[in-house]
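Open the model in your viewer and get ready to select a few things in turn. We will walk from one stop to the next.

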Amino acid sequence: MKTQIMKDVLKLLEKDSRLSAEKLAAMTGHPLAEVEKAVRRAETDRIILTYKTVINWEKVGKEQVSALIEVKVVPQRTVGFDTVAQRIYRYPEARTVYLVSGTYDLLVQVSGKTIQEVATFVTEKLATLEFVQGTVTHFLLKRYKEDGEILDGQDELERLPVSP
């Protein structure tokens, strides 16, 4: 498998996962069969993990509370932070878990229907884990941009007309 075909296809799919193999082949200039092979391999090798749609739920009236939680932990002997992160990311409330540098070790993004639901997760599940030393919770008040997409649509770039 040619690496350049894979890179070209992945760059396009990252921006728009709805692109068909035919469209990808046309946009990259690579043969259709090679593009299809690259996509299958990327899926099999877990390079492509999922096809995702970014949705602005506020526009359809779905109430949702999100929070970023800084978690200070004690790394586990011989496995470091991996086992700790794995235990946390298995909770359905945990949408994203990152190992980060700085004053805390893990950054966990959680979602729930209410502030109380998120608070209950933090106080009853997350903070009580034996390796967690402390947490700091930041509730998200407004989302402006997510996964590279501007959510309110108001900030479209306006190009000035080009004059000769």
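Start by selecting Glu 70, which stands opposite Leu 107 in β3. As you look around, keep in mind that this is a predicted model.

Now select strand β3, residues 106-112. How many of its residues are buried? The count is 6 of 7, so the strand is mostly covered. On one side, 7 bridges join β3 to strand β1 (residues 65-73), and the two run antiparallel. Along with the Glu 70 and Leu 107 pair, you can pick out Val 71, which stands opposite Leu 106 in β3. Strand β2 (residues 94-99) also pairs with β3 in the antiparallel sense, over 5 bridges. There, Leu 99 stands opposite Leu 106.

**The whole sheet**

Show the strands together: this is an open sheet of 4 strands in the order β2-β3-β1-β4, with antiparallel pairing. Its edge strands are β2 and β4 (132-139), each pairing on one side only. On average, neighbouring strands are turned by 20° against each other, direction ignored.

**The hairpin**

Go back to β2 and β3 and follow the hairpin, which has 6 residues between the strands. Stop at Gly 102, which takes a positive phi near 120°. Then move to Asp 105, placed in the loop between β2 and β3. Is Asp 105 buried or exposed? It counts as buried because its relative accessibility is 10%, under the 20% cut-off. Leaving aside residues up to four places away in sequence, Asp 105 touches Val 71, Lys 72, Val 73, Phe 81, Tyr 98, Leu 99 and Val 100.

**The cores**

Which residues have the most contacts inside the largest nonpolar core? They are Ile 69 and Val 71, in a core of 20 residues. β1, α4 (82-89), β3 and α5 (115-126) each supply at least two residues of this core, and β1 gives the most, with 5. Select Ile 69 and display its contacts: not counting residues up to four places away in sequence, they include Leu 106, Val 108, Phe 121, Leu 126 and Val 136.

For a last stop, look for a second, separate core of 13 residues, with Val 9, Leu 12, Leu 24 and Ala 38 among them.

Note on methods
Residues are numbered from 1 along each chain as its sequence is written. This is a predicted model: local features need pLDDT of at least 70, side-chain atom pairs count only at pLDDT 80 or more; totals for chains, interfaces and linings use all residues. Side-chain values use heavy atoms; hydrogens and water are left out. Buried means under 20% relative accessible area, exposed over 50%, partly exposed in between (1.4 Å probe, protein chains only). Two strands pair if DSSP finds at least two bridges between them. Contact means heavy atoms within 4.5 Å. A nonpolar core is a set of buried Ala, Val, Leu, Ile, Met, Phe, Trp, Tyr and Cys residues joined through side-chain atoms within 4.5 Å. Axes are lines fitted to C-alpha atoms, for helices over the stretch in contact, and angles run from 0 to 180 degrees between N-to-C directions.
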